[in-house]
Amino acid sequence: MLQRPRRNRKSEVIRQMVKETHLSASNLIFPLFIVDGINQKTEISSMPGIFRYSVDNLLREVESCMKLGLKSFDLFPRIDDSLKDKYATESYREGSLYLKAISEVKHYFPEACVVTDVAMDPYSSDGHDGIIENGVILNDETLEILGKMALAHAQAGADIIAPSDMMDGRIGYIRQVLDENGFTNVSLMSYCAKYASAFYGPFRDALGSAPKSGDKKTYQMDPSNQREALIEATLDEQEGADFLMVKPALPYLDVIKLLKDHSDLPIAAYNVSGEYSMIKAAVQNGWLDEQRAITEVLTSIRRAGATAILSYHSKEVLLNNWI
Ligand code: PBG
């Protein structure tokens, strides 16, 4: 045999030398859940190890992450039901919990990168990402609300705005609103290929944001489709996206690879709540080795082509020196 691939696996030094994929803190974005109040830190029952923080504790959490070299955060609010309405007006109200959280984090940690989520669902009394009229999600009317929300986030200090709603034309619409208001430097990370997935369940528990009726299949993509992601990617590029995101990550590694091959923009992937909970449940049962399972998952997402990974594992992999 002239070729013996095992020779390149014979020692740790050589294995490290030929390693094709690297994971580091700089690739990771840590999603954080926030809630109103003072000194709150409540564990999400379906996501062991993940908490909802009031803003004071959020700042403590950000500080401890920054010390580990984890400097990018994606914020998600849990909104009291009494503040929700049909038009998600709480999403751009001056003085709201979310806007306060953005500006406090940027005030105390100007070098942190704050990613914000633009979508109506946490603020909508219908639990949908768009305005709903007679059971129909209205696209163009929703864009106006998304534009107001994005502008409020930019004014509060967001570095990257991540529209997660899947309305048509939202990237172009939001880009225009930001530019007209002088926020040409605020980036857009588009949830480009976001699938109608079962794996968002624990996140919807965390935010109390599950749809009150129906499902999200008229705006999120059908898990059967791959080529459709190329249509979304082309549109988002034309509309001015700075990143293209695939979500969820693990069941859609083929889509990450497809977008990576198709586009020159950086690709992000969201290792979503259900992917996190699945591993934690198996670990709690003693069925999986936690360190190996988590690093294998994150590595596979990088190997498929994702530059940035949004993951609930971000802090623990650094805290435990797993990467
Ligand atoms: C809402 C949004 C969702 C997630 C991020 N933004 C849920 C949904 O579309 O219902 C899911 C994240 C996760 O599951 O970790 N627009």
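Q: Where does A88 lie in this predicted model?
A: A88 lies in the loop between β4 (72-78) and α3 (97-108), in a model that is predicted.

Q: Why is A88 called buried?
A: A88 has 28 C-beta neighbours inside 10 Å. A residue is buried at 20 or more, so A88 counts as buried.

Q: What is noted about the phi of A88?
A: The phi of A88 is near 50°, which is a positive value in a residue other than glycine.

Q: What makes M166 buried?
A: There are 25 other C-beta atoms within 10 Å of M166. The cut-off is 20 or more, therefore M166 is buried.

Q: How do you know whether L188 is buried or exposed?
A: L188, placed in strand β9, has 22 C-beta neighbours inside 10 Å. Buried requires 20 or more, and exposed 12 or fewer, so L188 counts as buried.

Q: Which residues is L188 in contact with, leaving aside its neighbours within four places in sequence?
A: L188 is in contact with I161, I171, I174, R175, G240, A241 and D242. For contact, C-beta atoms must lie within 7 Å.

Q: What separates L188 from I256?
A: Their C-alpha atoms are 18 Å apart, and the two residues are 68 residues apart along the chain.

Q: What makes the span of α7 close to the expected one?
A: Helix α7 (residues 228-239) has twelve residues and reaches 17 Å from its first C-alpha to its last. At 1.5 Å a residue, 16 Å is expected, and the span is close to that.

Q: Why are the buried residues of α7 placed on the same side of the helix?
A: The buried residues are A229, E232, A233 and D236. They cover an arc of only 100° around the axis, which puts them on the same side of α7.

Q: What do the buried residues of α7 pack against, and what follows the helix?
A: They pack against α5 (170-180), β9 (187-194), β10 (243-247) and α8 (253-262). After α7 comes G240, with a positive phi near 105°.

Q: How does α9 compare with its expected span?
A: Helix α9 (residues 273-284) has twelve residues and reaches 16 Å from its first C-alpha to its last, close to the 16 Å expected at 1.5 Å a residue.

Q: Which residues of α9 are buried, and what do they pack against?
A: S273, G274, E275, Y276, S277, I279 and K280 are buried. The buried residues of α9 pack against β3 (47-53), α6 (201-207), β11 (267-271) and α10 (290-304). Just after α9, G286 takes a positive phi of about 75°.

Q: Which residues are around the ligand, and how do they divide by class?
A: They are D117, A119, D121, D129, S164, D165, Y200, F203, R204, V272 and S273. By class, four are nonpolar, two polar and five charged.

Q: Which residues have the most contacts inside the largest nonpolar core?
A: The core has 95 residues, and I34, I161, M245, V246, I256, L259 and A269 have the most contacts inside it. Helix α4 (residues 139-156) gives the largest share, eight residues.

Q: What is the omega of the cis peptide bond joining K247 and P248?
A: Omega is about -15° for that bond. P248 lies in the loop between β10 and α8.

Methods: Residues are numbered from 1 along each chain as its sequence is written. This is a predicted model: local features need pLDDT of at least 70, side-chain atom pairs count only at pLDDT 80 or more; totals for chains, interfaces and linings use all residues. Helices (H or I, at least four residues) and strands (E, at least two) are DSSP runs, numbered from the N terminus. The expected span of a helix is 1.5 Å times one less than its number of residues. Two residues are in contact if their C-beta atoms, placed from the backbone, lie within 7 Å. A residue is near a molecule or strand if its C-beta atom, placed from the backbone, lies within 6 Å of it. Ala, Val, Leu, Ile, Met, Phe, Trp, Tyr, Cys and Pro count as nonpolar, Asp, Glu, Lys and Arg as charged, and the others, Gly among them, as polar. A nonpolar core is a set of buried Ala, Val, Leu, Ile, Met, Phe, Trp, Tyr and Cys residues joined through C-beta atoms within 7 Å. The arc is that of the directions from the helix axis to the C-beta atoms.
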